[in-house]
Amino acid sequence: MVDRSFIGLRSRTFSMPIEWGKVREFARAIKDPNPAYLDPDFARRVHGGIPIPPTFLMTSMAWEIPEWESGKVVQLDYGNGVHGEQEFELLKPIFVGDVLSWTERIADIHEKAGARGGMMKFAIIEGNYFNQRGDQVAISRSVLIEFPPRTQAQ
Amino acid sequence: MAAAIKYDDVRVGDELPRLVIGPLTRQDIVQYAGAAWDFSPLHYDQPFVEAAGLPNVVVMGMLTAGMASRCVTDYAGAGQVRRYKVRFMARIYPGDIITCGGRITGKLEENGEPMVDGELTVTNQKGEVALSGSFRAVVGLARPGC
């Protein structure tokens, strides 16, 4: 069960290389045939490098699990909770060849009354990403939502 | 795919290229699970989802968000998106067909870069809104990648 005592918890610093194989695999998984992701010569000619899809930083989970899994950190009830919102601020371009470092933290936890009664709990998890030159390149915000416990009336 | 967009040619209210994708399959879910390392049992474990009262495994919201991001990158070009925000409104299941669309809601310059703001919607084949989102993207600097 999510509660406010988790606010401020922070992961260690993780690091990952941005690799073409992973970008290509991710682009195929989201069904995007853009040659920017699939054809390195095209990408370098047109974009000055191989860019990443807007939601590519989801792959950073592969470098965090099992050490840090936000839903488990805030003890989200997976049978009664969802990933409700996701935001990426992409502050500077990220290309294949970059090496990103980041930490995740539990930025906030709050409650709101649910439409069907009971309190819904919201956990906001924020990741701050830097490249190998120390520039901040991205901020990720995830909102995990836990619904009120089910009652017999529902 | 879309031709290059020039900032001066953008009008508030312009529509993004509409995309229809599907029917989505369990293989699509598995492929994304591997690509993104998203191994919540909600997405592959039939007994788990049935115990949770759901009819089937659920397509990851972030897979839907990823497919929908192509609306923006087809318009503005790959690597041009500066902000991408999505809210998940309804579950998508294997067999569903999604339609992604959006429109430009504003034009602005930030740090000398010409940008557009826009909104994004994904509906299922019944017309229910599954995802609602917003974005900011640079236009007219690099040639769009498609």
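How many helices and strands are there in chain B? Chain B has three helices and five strands, in the order β-α-α-α-β-β-β-β from the N terminus on. Helices (H or I, at least four residues) and strands (E, at least two) are DSSP runs, numbered from the N terminus.

This is a predicted model, in which local features need pLDDT of at least 70 and side-chain atom pairs count only at pLDDT 80 or more, while totals for chains, interfaces and linings use all residues. Residues are numbered from 1 along each chain as its sequence is written, and chains are lettered from A and ligands numbered from 1 in the order in which they are written.

The C-alpha trace of chain B spans about 55 × 30 × 25 Å along its principal axes. Of its 146 residues, 44% count as buried, that is, with 20 or more other C-beta atoms within 10 Å of their own, C-beta atoms being placed from the backbone. Two residues are in contact if their C-beta atoms, placed from the backbone, lie within 7 Å. Among contacts in chain B between residues at least 6 apart in sequence, 70% join residues at least 24 apart.

**Contact between the chains**

The contact takes 33 residues from chain A and 34 residues from chain B. On the side of chain A that touches chain B, β2(A) gives the most, with nine residues. The elements of chain A that each supply at least two residues to that side are tabulated below.

| Element of chain A | Residues |
|---|---|
| α1 | 20-29 |
| α2 | 35-38 |
| α3 | 40-47 |
| α4 | 61-64 |
| β2 | 81-90 |

β2(A) and β2 of chain B (residues 81-88) run antiparallel and are joined by five bridges; two strands pair if DSSP finds at least two bridges between them. One of the residues involved is A:E87, whose bridge partner in β2(B) is B:K85.

In α1(A), the buried residues are A:V23, A:F26, A:A27 and A:A29. Seen down the axis of α1(A), they fall within an arc of 160° (taken from the directions from the helix axis to the C-beta atoms), so they line one face of the helix. Their cover includes α2 of chain A together with α1 (26-36) of chain B. After α1(A) comes A:K31, with a positive phi near 65°.

**Nonpolar cores**

A nonpolar core is a set of buried Ala, Val, Leu, Ile, Met, Phe, Trp, Tyr and Cys residues joined through C-beta atoms within 7 Å. The largest has 64 residues, of which B:V72 and B:A137 touch the most other members. Helix α3 (residues 61-76) of chain B gives the most to this core, with nine residues. Apart from it lies another core, of eight residues, including A:I106 and A:L144.

Key. A residue is buried if 20 or more other C-beta atoms lie within 10 Å of its own, exposed if 12 or fewer, and partly exposed in between; C-beta atoms are placed from the backbone.
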